[in-house]
Amino acid sequence: MKIICIGLNYIDHLKEMGSKMLENPVFFMKPDTALLRNNQPFFYPDFTKELHYELELVLRIHKVGRSIAEKYASKYYNEIGIGIDFTARDIQRQCKDKGLPWEIAKAFDYSAPISSCFIPLAEFNNLQDINFRLDINGKTVQQGNSRDLIFGFNRLVSYVSQFLTLKIGDLIFTGTPAGVGQVKIGDNLKAYIGNELLMDFEIK
Ligand code: MG
């Protein structure tokens, strides 16, 4: 399976990163070794001093497809979970400054904690109104709503599939809202969709 991550997909986050609006979605990838499941602790890597959380809604693909038209895209994912796109911001900045790819800042081991539980689409009243949030040590640090996505779920699935064949079990991280920030050793992270606690783990 593969993990596809969308960048710059919420206006407020775009502003906090000093980026401009894009004509098309932008994506990068993480390998399957980036996954961290079952609320396992995350061990702070020694190559960064500025590890950021990015809380994101995650689509799970359940049908093989390529060059999917946007109007059919909703048939290709059936569940939504929550995940964190951990980013070594200091390393990413160094890579960007040099015009280099920034995989080492994004694709490292366990950089993609995800919820064990994914919610079937049928359980949502409205896919364009999904609240989600991240609490660190009991304080809400990031919250978002799918209504604020620049490129919606169907557009993302359609766009990515123009380049990559989507396969069963692939995950699409749909981008983070504003409020990204640092974690430190000892932090407890709790991620919610609506009021449902889906992920709860420690930084060690
Ligand atoms: Mg992200």
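Q: Which residues does Leu-59 touch, not counting residues up to four places away in sequence?
A: Leu-59 touches Tyr-77, Glu-79, Ile-80, Phe-153, Val-157, Asp-170, Leu-171, Ile-172 and Thr-174. Contact means heavy atoms within 4.5 Å. The model is predicted: local features need pLDDT of at least 70, side-chain atom pairs count only at pLDDT 80 or more, and totals for chains, interfaces and linings use all residues. Residues are numbered from 1 along each chain as its sequence is written, and side-chain values use heavy atoms, with hydrogens and water left out.

Q: Why is Leu-59 called buried?
A: Buried means under 20% relative accessible area, with exposed over 50% and partly exposed in between (1.4 Å probe, protein chains only). Leu-59 has a relative accessible area of 0%, so the residue counts as buried. Leu-59 lies in strand S5, where a strand is a DSSP run (E) of at least two residues, a helix is one (H or I) of at least four, and both are numbered from the N terminus. The C-alpha atoms of Leu-59 and Phe-153 are separated by 8.0 Å, although the two are 94 residues apart along the chain.

Q: What makes Glu-54, Glu-56 and Asp-85 donor residues of the magnesium ion?
A: Donors are N, O and S atoms within 2.8 Å of the metal (3.2 Å for Na, K and Ca); water is not among the atoms, so sites may look incomplete. The ion is coordinated by OE of Glu-54, OE of Glu-56 and OD of Asp-85 at 2.0 to 2.1 Å, and these atoms therefore meet the cut-off. The sequence spacing of the donor residues is E-x1-E-x28-D. Glu-56 lies in strand S5 (residues 55–61) and Asp-85 in the loop between strands S6 (77–84) and S7 (87–88), so the pair ties together parts that are 29 residues apart in sequence. Both Glu-56 and Asp-85 are buried.

Q: How do you know that Ser-111 is buried?
A: Its relative accessibility is 0%, so Ser-111 counts as buried. Ser-111 is placed in the loop between helix H3 (103–106) and strand S8 (112–113). Leaving aside neighbours within four places in sequence, Ser-111 is in contact with Lys-30, Ala-34, Phe-42, Ile-84, Asp-85, Phe-86 and Lys-106. One of these, Asp-85, also coordinates the magnesium ion.

Q: What does the side chain of Ser-111 reach at 2.9 Å?
A: The side chain reaches the backbone oxygen of Lys-106. A polar contact is a pair of N or O atoms within 3.5 Å; within protein, one must be able to donate a hydrogen and the other to accept it, and residues adjacent in sequence count only if both atoms are side-chain atoms. At 2.9 Å, the distance from Ser-111 to Lys-106 is within that limit.

Q: Why does Ser-161 count as buried?
A: Ser-161 has 1% relative accessibility, so this residue counts as buried. Ser-161 lies in helix H4 (residues 153–161), and its side chain reaches the backbone nitrogen of Ile-68 at 2.9 Å.

Q: What makes H4 mostly covered?
A: Of its 9 residues, 7 are buried: Phe-153, Leu-156, Val-157, Ser-158, Tyr-159, Val-160 and Ser-161. These residues pack against strand S1 (3–7), strand S2 (26–30), S5, S6 and strand S12 (171–173).

Q: Which residues touch the most other members of the largest nonpolar core?
A: A nonpolar core is a set of buried Ala, Val, Leu, Ile, Met, Phe, Trp, Tyr and Cys residues joined through side-chain atoms within 4.5 Å. In the largest, of 47 residues, they are Ile-80, Ile-82, Ile-84, Phe-86, Val-157, Leu-189 and Ile-193. Another core of 11 residues lies apart from it, with Ile-3, Ala-112, Phe-118 and Phe-173 among them.
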